Amino acid sequence: MFLLGFGHSAQATQFTVGELMGALANNKHGAATFTEKKYISILDHPVVSSGELLFVPPARLEKRTLKPKVETLVLDGDVLTVEQQRQKHVLQLKDYPEVAAMIESIRATLAGDRKALEGVYDLRLEGSRDRWTLTLTPLDTRVGSVVARILMAGTRDAVRTVEILQADGDRSVMSIQKGAGGLGIGP
């Protein structure tokens with residue numbers, strides 16, 4: 001009896017992908033600051049950048065890099081606008097499926113959009129509500145030839161880190177700190 005009761009109790013407290021996505025989906029918007037380190041095999045030291053993130057559910061994600069160089073990425077629906085050194089490039093994500101998959105991993109996670117994530121990735125959640133890690137492994141071989149996996153880590157309804165492991169061994173780690181009104185992103 002005791003073992004049966006203990007097993008049921010442990011099972012009841014297990015944190016699920018559905019619970020995580022529900023918590024994230026309840027966020028209205030998010031503003032945060034970030035520090036990103038890119039580890040590139042041909043460089044001895046990581047490339048470090050920092051800036052601001054803004055997420056307006058369900059489809060707008062902005063990444064404003066302020067250091068070392070100003071760069072703005074704005075994802076609005078299926079259009080990615082990149083501004084850098086007074087040059088502006090507009091890309092349709094449908095034309096760049098590998099890039100779309102990386103960007104969608106962040107946007108869909110912040111929005112709590114399980115269906116969008118499962119359309120591109122195999123999802124594995126570890127940990128508890130207070131400290132979780134969501135591993136995204138690409139389902140499509142073309143995406144997998146660029147991205148080996150993406151690790152999202154956080155607490156409760158907030159994403160704290162995003163680590164992208166590329167198929168070639170390079171990786172980036174973004175640490176996110178909550179900003180004013182920062183729902184859904186940051187600690």
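**Pockets and a surface patch**

By class, 6 nonpolar, no polar and 6 charged residues line the second largest pocket of this predicted model.

Student: Which element gives the most to the lining of the second largest pocket?

Tutor: That element is α3, with 5 residues. Both α3 and α5 (141-144) supply at least two residues each. The space in this pocket is about 240 Å³.

Student: What is the volume of the largest pocket, and which residues are the closest to its centre?

Tutor: The volume of the largest pocket is about 860 Å³. Among its 37 lining residues, Glu36, Lys38, Lys63, Glu71 and Leu73 are the closest to the centre. By class, its lining has 22 nonpolar, 6 polar and 9 charged residues. Elements that each supply at least two of the lining residues include β3 (60-67), β4 (71-76) and α3 (97-111).

Student: Why is Ile42 called exposed?

Tutor: Its relative accessible area is 73%. Exposed means over 50%, therefore Ile42 is exposed. Ile42 is found in the loop between β1 (30-39) and β2 (47-56).

Student: Which residues form a nonpolar patch on the surface?

Tutor: Ile40, Ile42, Leu43 and Val47 form the patch, and their accessible area together is about 340 Å².

Definitions and conventions: Residues numbered from 1 in each chain as written. Predicted model: local features only at pLDDT ≥ 70, side-chain atom pairs only at ≥ 80, totals over all residues. Heavy atoms only, no water. Patch = residues over 30% accessible without salt bridge, like charges linked within 9 Å, V, L, I, M, F, W, Y side chains within 5 Å. Areas by Shrake-Rupley, 256 points an atom, 1.4 Å probe, with all protein chains shown as cover. Salt bridge = Lys/Arg side-chain N within 4 Å of Asp/Glu carboxyl O. Helix = DSSP H or I, 4+ residues; strand = E, 2+ residues; numbered from the N terminus. Buried < 20%, exposed > 50% of the residue type's maximum accessible area, 1.4 Å probe, protein only. 1 Å grid on protein atoms, 1.4 Å probe; cavity = no way out; pocket = protein on both sides within 12 Å on 5 of 7 lines; lining within 4 Å. Points joined across faces, edges and corners; volume = space filled by probe spheres on them. Nonpolar A, V, L, I, M, F, W, Y, C, P; charged D, E, K, R; others polar.
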